[in-house]
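The following exercises are to be worked through with the sequence and the 3D structure at hand. Each task is followed by a solution in steps.

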Amino acid sequence: MNEAKSFIEILMEHVNSDKAQLPPFNRTGLAIQQEMAKPDPDMQVIEKQILRDPAVAGQLLKVANSSFYRGMIEVTTVRNAMVRLGLAEVSNLVTLLTQKQSFSTQDPFIREYMDQLWIHSVACALGAKWIAKECRLPSKMNESFFAGLLHDIGKAFLLMAISDLKKNGQLGETVPQSFIEEVLDTQHQSIGAQLLKTWNLPEIYCTVAEHHHDEDMDGQDIVLLMVSLANKVLAKAGIGIMHTPDIDLATSPEAIQLDLSEIKVAELELTMEDYVDFVAEVD
């Protein structure tokens, strides 16, 4: 037990210092989210932001031509992608593509966790958006996507800190899996909310990061409920770092408060399996 405590103390001291940091929130993704938050977002402004980052533009075209989105004609320009997929979908995809940098590390051991976390986060984002659509809440679709993508950002931050500590010799090369999973489970919510606040993101995303595992949720916070349910679907399926197969999704507080039938919950589970395949295809 002392060894576990020592590990946690070393890690949390590093996390709370100025030495631990994820890459700053990508400017392209942030600028597009800010434009999309306006009552009448400008397509040309969003297109210009995407074209400023050739890597993102290239990845967007790759995704637009994936089997998940592909049509009869190949998408060859950013404007074509925006017309085919729609402004909201493109903005979400760009946010996804630009956020990938926060889930990368050179440490092979930690990279396995990061890869699992990335698949989980993207599937959660797409799943939460699907729930918003099924609940006939189109105004919440973008918020749900973004909140789902960032809900476990605290885990990415902690994993990056462990990688840094291994690299500089403060932790041994082999960190027990049980230690890592314990600290991820107990610390990621508060750390995630703190990180999103330093990025100056809206309070709604900080709230989801901090409270998506709460047993007693605010029934009025629809976005929190949608992300929490998508997260539980993935946890039951073992998609991500944690696996809790015994969850009864249809009778979960989230499904009940969102008024989703047992059939709709089963449909959500199948849909999210497709999302996992999509992430694997475009990664």
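**Exercise 1. Salt bridges**

Task: State how many salt bridges the whole structure holds, and describe the pair formed by K129 and E89.

Solution. A search of the whole structure finds 9 salt bridges, a salt bridge being a side-chain nitrogen of Lys or Arg within 4 Å of a carboxyl oxygen of Asp or Glu. The model is a predicted one, in which local features need pLDDT of at least 70 and side-chain atom pairs count only at pLDDT 80 or more, while totals for chains, interfaces and linings use all residues. Residues are numbered from 1 along each chain as its sequence is written, and side-chain values use heavy atoms, with hydrogens and water left out.

Step 1. Side chains of opposite charge can pair when their charged atoms come close. In the salt bridge of K129 with E89, the N to O distance is 2.3 Å.

Step 2. K129 belongs to helix α7 (residues 108-134) and E89 to helix α6 (residues 87-99), so the pair ties together parts that are 40 residues apart in sequence. Helices here are DSSP runs of H or I with at least four residues, numbered from the N terminus.

Step 3. Both K129 and E89 are buried. Buried means under 20% relative accessible area, exposed means over 50%, and partly exposed lies in between (1.4 Å probe, protein chains only).

**Exercise 2. Two further salt bridges**

Task: Locate D107 and K166 in the chain, and decide whether D152 is buried or exposed.

Solution. Step 1. The side chains of D107 and K166 meet in a salt bridge with an N to O distance of 3.0 Å. D107 is in the loop between α6 and α7, whereas K166 is in helix α9 (residues 153-167), and the two are 59 residues apart.

Step 2. D107 has a relative accessibility of 12% and therefore counts as buried. K166, at 6%, counts as buried as well.

Step 3. D152 forms a salt bridge with K155, and their closest N and O atoms are 3.6 Å apart. D152 is buried because its relative accessibility is 2%; K155 is buried at 7%.

Step 4. Salt bridges with shared partners join E134, K264 and E267 into one network.

**Exercise 3. Two packed helices**

Task: Determine how α2 and α3 are oriented to each other, and name the residues that make their contact.

Solution. Step 1. Helix α2 (residues 27-36) and helix α3 (residues 43-51) pack at an angle of about 175 degrees, with axes 9 Å apart. The axes are lines fitted to C-alpha atoms over the stretch in contact, and angles between N-to-C directions run from 0 to 180 degrees.

Step 2. The two helices, α2 and α3, are therefore roughly antiparallel; angles under 35 degrees count as roughly parallel, over 145 as roughly antiparallel, 65 to 115 as roughly perpendicular and the rest as oblique.

Step 3. From α2, the contact is made by T28, A31, I32, E35 and M36, and from α3 by V45, I46, Q49 and I50. Contact means heavy atoms within 4.5 Å.

**Exercise 4. An aromatic pair**

Task: Classify the ring pair of F68 and F278.

Solution. Step 1. A pair of aromatic rings is described by the distance of the centres and the angle of the planes. Rings of Phe, Tyr and Trp (its six-membered ring) pair if their centres lie within 6.5 Å; planes under 30 degrees apart count as stacked, over 60 as edge-to-face and the rest as tilted.

Step 2. By this rule the count comes to 7 aromatic pairs. For F68 and F278, the ring centres are 4.5 Å apart and the planes stand at 35 degrees, so the pair is tilted.

Step 3. F68 lies in the loop between α4 (54-64) and α5 (78-85), and F278 in helix α14 (residues 262-282), 210 residues apart.

Step 4. F68 counts as partly exposed at 34% relative accessibility, whereas F278 is buried at 2%. Ring pairs link F68, Y69, Y275 and F278 into a cluster.

**Exercise 5. Surroundings of F7**

Task: Which residues does F7 touch, not counting residues up to four places away in sequence?

Solution. Step 1. F7 lies in helix α1 (residues 2-15) and counts as buried at 5% relative accessibility.

Step 2. F7 touches I162, L171, V175, F179, I180 and V183. Between F7 and V183 there are 9.3 Å in space, C-alpha to C-alpha, although they are 176 residues apart in sequence.
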